[in-house]
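Hi,

Here is the structure I promised to pass on. Could you have a look when you get a moment?

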Amino acid sequence: MVKIEDYGEFTTSWCPGCGNFGIMQAVRQALLAQDIAPHQFVYVSGIGQAAKAPHYLRSNMFNGLHGRALPVAQAVRLSNTNLPVLVSSGDGCSYGEGGNHFLAAVRRNVNMTLLAHNNQIYGLTKGQASPTTMTGQVTKTQPLGVAATPFNPVAVAVAMKCSFVARSFAGDTEHLAQMIELAMRHEGFALVDILQPCVSFNKINTYAWYKERCVNLPDDYDPTDWSVAMQTADKFGDEIPLGLIYKQDRPSYETHIPQLANGPLAQAATDFDALDRVLEKFV
Amino acid sequence: MPEKTVNIMIGGAAGQGLATVGQLLTKSLIRSGYHVVVRQDYMSRVRGGHNTYIIRASVDEIYAPREAMDFLVALNQETVDLHLNELGDGGLIICDEALDSKGRPGLSISFKDLAPKPIFQNVAALGLLASLLGLDRDVPAKLLTDTFTKKGEAIVKQNHEVLDAAYAWVAEQNAGIEPLAPVPAPVKRLMMGGNEAIALGAMAAGVKFCSFYPMTPATSVAQNLITHGRELGVVVEQVEDEIAAMNMAIGASYAGARSLVPTSGGGFALMTEGVSLAAVAETPLVCVVAMRPGPATGLPTRTEQADLNLVLYAGHGEYPRAIFAPGTVEEAFRLAHRAFDQAERYQSPVFVLSDQFLADSFRSVEPFDTRSLPAPASPLKEWAGEGPYERYAVTDSGVSPRVIPGFSETLVVGDSHEHTPDGHITEDIEMRIEQKQKRLRKGCGLWEDVVAPSYIGPESPDVLLVSWGSTKGAADEAAMDLRADGVQAASLHFSQVWPLKLDQFAAKFDAAKKIVVVEGNATGQFAALLKLAGAQYTGLVLKYDGRPFTPEYIVTALHKSGALEA
Ligand SMILES: Cc1ncc(C[n+]2csc(CCOP(=O)(O)OP(=O)(O)O)c2C)c(N)n1
Ligand code: SF4
């Protein structure tokens with residue numbers, strides 16, 4: 001049995017009170033609930049405050065470049081389908097710099113979980129607007145207020161029929177741990193968009209701001225109803241619904257690749273007989 | 001006297017099937033025992049335009065395309081208009097009777113009579129050429145059987161009928177064309193292009209993962225891996241962009257799959273961020289850059305050797321790398337294989353620098369003995385050493401034991417930041433210096449492993465032609481031509497262009513009166529590197545019109561520049 005201490009204790013470079021602490025707590029709980037030991041999964045990230053998460057948990061990890069966590073993570077999973085893959089990423093990282101990868105990952109449907117630490121601001125680079133910053137919000141680099149419409153990752157993911165879309169809140173670790181566990185148990189690409197207060201640079205979307213608005217989806221909510229999910233996903237204002245918003249069961253991308261049926265790619269030896277057969281085709 | 005060598009240009013519009021005629025004829029020549037060099041020239045369009053497929057075949061070994069054509073096979077009028085002047089003395093034009101051959105001698109054919117339907121004109125053209133060259137009918141006939149059996153017996157039969165009609169027509173003509181001299185003892189050879197050889201070399205090295213975004217002329221590397229990938233257990237993913245391609249390959253490599261990324265300059269420009277990641281994360285990675293002329297979209301389907309600097313300096317920060325530049329199809333195979341070994345051995349990005357000319361150039365090659373190749377270095381599945389496992393342990397060689405995650409309790413940590421030996425972010429001055437020096441020390445190993453340049457010619461030549469990559473054949477033959485003319489000429493070819501190790505070639509430079517660097521770009525990028533390495537050259541022959549070098553081009557340029565004057 002895995003114990004929570006197995007995931008280690010680390011000093012972080014996060015500001016006291018940052019929402020990232022709640023997220024890490026929930027990640028530990030979700031892993032523990034599934035009895036996944038540190039060597040039994042891979043934790044991948046890009047760059048940003050959120051992306052430092054894998055450094056603060058004992059695990060296999062790959063901390064790559066800004067916006068590029070998803071390509072790395074999908075390839076890790078394709079190379080070894082025995083390994084659960086978890087990604088921690090900021091809203092700038094996955095929805096901005098890596099936006100194209102996000103869309104492609106939703107479409108590809110590799111079995112993995114993306115935890116988007118969505119603080120609606122760039123944290124690490126000190127408070128510039130991110131793709132999810134609300135219209136009108138003033139920052140040092142947007143002194144006239146943000147003119148653009150915010151990106152709604154949940155709505156986009158539902159619109160694309162992403163196979164699992166949930167939203168949760170860093171201030172409610174129980175709910176979040178439950179969503180992460182559901183996402184990891186789901187077969188296919190799972191997005192958990194996590195509302196994450198940035199106490200240093202986002203003075204608008206605070207713990208209080210989110211708490212006032214967040215409502216859990218009712219027990220009888222049907223996440224497989226796409227049109228209802230679209231309407232739910234569109235809500236981000238006075239009311240912000242939390243929970244499993246949309247889910248569609250379909251085979252993950254891995255099942256589409258017969259080469260993967262033989263186990264991890266690292267294990268496959270070169271088949272020289274096959275190679276010689278191929279060479280004969282060039283005669 | 002039968003001819004020992006023939007030079008054939010087949011020209012037509014894209015979509016007319018000239019590549020099919022060309023490939024079938026090439027294979028028939030190779031199966032008949034001839035040596036072959038193919039050059040393909042095509043425009044960036046799917047239908048129409050003007051393309052050529054040029055086959056040079058010989059009883060003797062040959063290395064490069066030549067200029068004067070013996071036959072011009074014109075599938076449309078444009079071919080006649082554009083290429084008539086490329087026919088050599090006594091050269092003949094072969095075309096449909098409906099085309100205007102402008103008074104040049106040749107054969108005018110009624111393709112309508114030979115082929116029942118236009119789709120069979122390819123086979124008619126194949127039959128005409130094969131019989132004119134004196135190839136035994138059974139050779140193209142067997143090839144057609146091999147090619148079309150999967151489409152059914154009826155199709156094979158129809159193809160054979162067209163082939164026979166073409167052979168019969170030629171026999172009737174009594175065209176007075178000398179056939180090719182027979183090959184004394186035909187040897188089994190393969191017909192293979194540069195990109196095919198790279199894909200096969202990668203497969204022989206155990207490539208398991210390839211991510212790519214399509215870009216000419218690199219796409220066919222991925223295509224070849226896709227075609228044979230299922231049989232060989234290679235996963236190939238066409239991804240959303242080059243950035244994803246590079247990062248995916250790194251992810252796969254971290255997880256233990258040997259990874260390849262094929263691209264061209266424009267795509268590679270986007271990947272450079274990831275090259276830097278592979279370097280700091282110390283992840284093995286093989287990148288094939290098939291060059292085409294830039295800047296930007298440039299001449300999308302033509303050839304050039306102008307991305308050497310891009311690859312040499314790609315990625316921010318400092319780190320060692322190796323760059324291979326195959327000069328032949330055989331080298332493409334061997335160096336692709338070697339690149340995987342070096343990438344794993346030094347846990348670094350390694351590059352294979354090719355170009356459109358080599359990518360699309362079919363050659364006759366001796367079958368490869370795949371089993372005699374040394375197995376590439378491999379990572380560990382578990383840490384059995386002393387103390388806790390450190391992914392970035394500081395070592396004398398700079399290479400740390402590489403474990404792959406998921407096979408044991410060993411935790412494997414990869415990081416893009418400067419890191420501690422166990423892979424975690426650090427700002428510590430000492431650690432930074434230690435880790436950076438450790439990574440740079442891998443360069444010493446790479447330096448010990450450099451493939452020496454190959455030299456052909458007399459000991460103390462009057463002129464030494466220095467080439468790299470695909471220019472090898474033209475430079476070697478130019479030197480041969482010069483020697484036949486009484487000039488003491490030699491050639492030196494670099495199939496690894498970085499690192500450069502002066503002591504491997506300094507003596508050759510010292511012994512030559514003149515040293516002329518021949519390369520396919522406008523600024524002499526490799527020549528500048530040679531200078532950096534401490535080697536002095538005296539002249540340059542450059543070409544940047546998007547077309548490959550020929551021996552004639554080099555010799556003419558040498559005459560013009562006065563490099564051949566004492
Ligand atoms: C290619 C690249 N561009 C820019 C940066 C600088 N950068 C680092 S983190 C970051 C934004 C971080 O915001 P987010 O992803 O939302 O994460 P957070 O820090 O808020 O958790 C930027 C722009 C970088 N490291 N790499
Ligand atoms: S800057 Fe914001 S996101 Fe980053 S650690 Fe501080 S509070 Fe958290």
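Below is what I found in it, starting with the ligand.

Keep in mind that this is a predicted model.

Ligand 1 sits between chains A and B. Its shell has 17 residues, and A:Q49, A:G92, A:C93, A:G123 and A:L124 come closest. By type, that shell splits into 6 nonpolar, 8 polar and 3 charged residues. The top contributor is helix α3 of chain A (residues 91–97), which supplies 4 residues. Backbone atoms of chain A also meet oxygen atoms of the ligand: a backbone N or O atom of A:G123 is 2.8 Å from one, a polar backbone atom of A:G92 is 2.9 Å from one, and for a backbone N or O atom of A:D91 the distance is 3.4 Å. On its own, ligand 1 has 590 Å² of accessible area, and the protein covers 76% of that.

Now the packing. The largest nonpolar core has 99 residues, and the members touching the most others are B:F268, B:V466, B:F494, B:F526 and B:L530. Leaving out residues up to four places away in sequence, B:F526 has contacts that include B:L308, B:W468, B:V497 and B:L500, as well as B:E519. There is also a second, separate core of 53 residues, with B:I10, B:L107, B:A130 and B:V162 among them.

B:K438 is part of helix α14 (residues 429–448) of chain B, and it counts as buried because its relative accessibility is 0%. Its contacts beyond four places in sequence include B:E282, B:Y392 and B:S400.

Last, some backbone geometry to check. Most peptide bonds are trans, and most residues other than glycine have a negative phi. Here are the exceptions I noted:

- The bond from B:G294 to B:P295 is cis, with omega near -5°; B:P295 is in the loop between β11 (285–291) and α11 (308–313) of chain B.
- The bond from B:W498 to B:P499 is cis too, with omega near -5°; B:P499 is in the loop between β19 (496–498) and α16 (506–511) of chain B.
- A:Q120 has a positive phi, near 55°. This glutamine is in the chain A loop between β4 (112–118) and α5 (153–159), and at 2% relative accessibility it counts as buried.
- B:Q347 has a positive phi as well, near 45°. The loop that holds B:Q347 runs between α12 (329–346) and β13 (349–355) of chain B, and B:Q347 is buried, with a relative accessible area of 3%.

Cheers

Conventions. Residues numbered from 1 in each chain as written. Chains lettered and ligands numbered in written order. Predicted model: local features only at pLDDT ≥ 70, side-chain atom pairs only at ≥ 80, totals over all residues. Heavy atoms only, no water. Core = buried A, V, L, I, M, F, W, Y, C linked by side-chain atoms within 4.5 Å. Buried < 20%, exposed > 50% of the residue type's maximum accessible area, 1.4 Å probe, protein only. Contact = heavy atoms within 4.5 Å. Near = heavy atom within 4 Å. Polar contact = N/O pair within 3.5 Å; in protein donor to acceptor, adjacent residues only side chain to side chain. Areas by Shrake-Rupley, 256 points an atom, 1.4 Å probe, with all protein chains shown as cover. Nonpolar A, V, L, I, M, F, W, Y, C, P; charged D, E, K, R; others polar.
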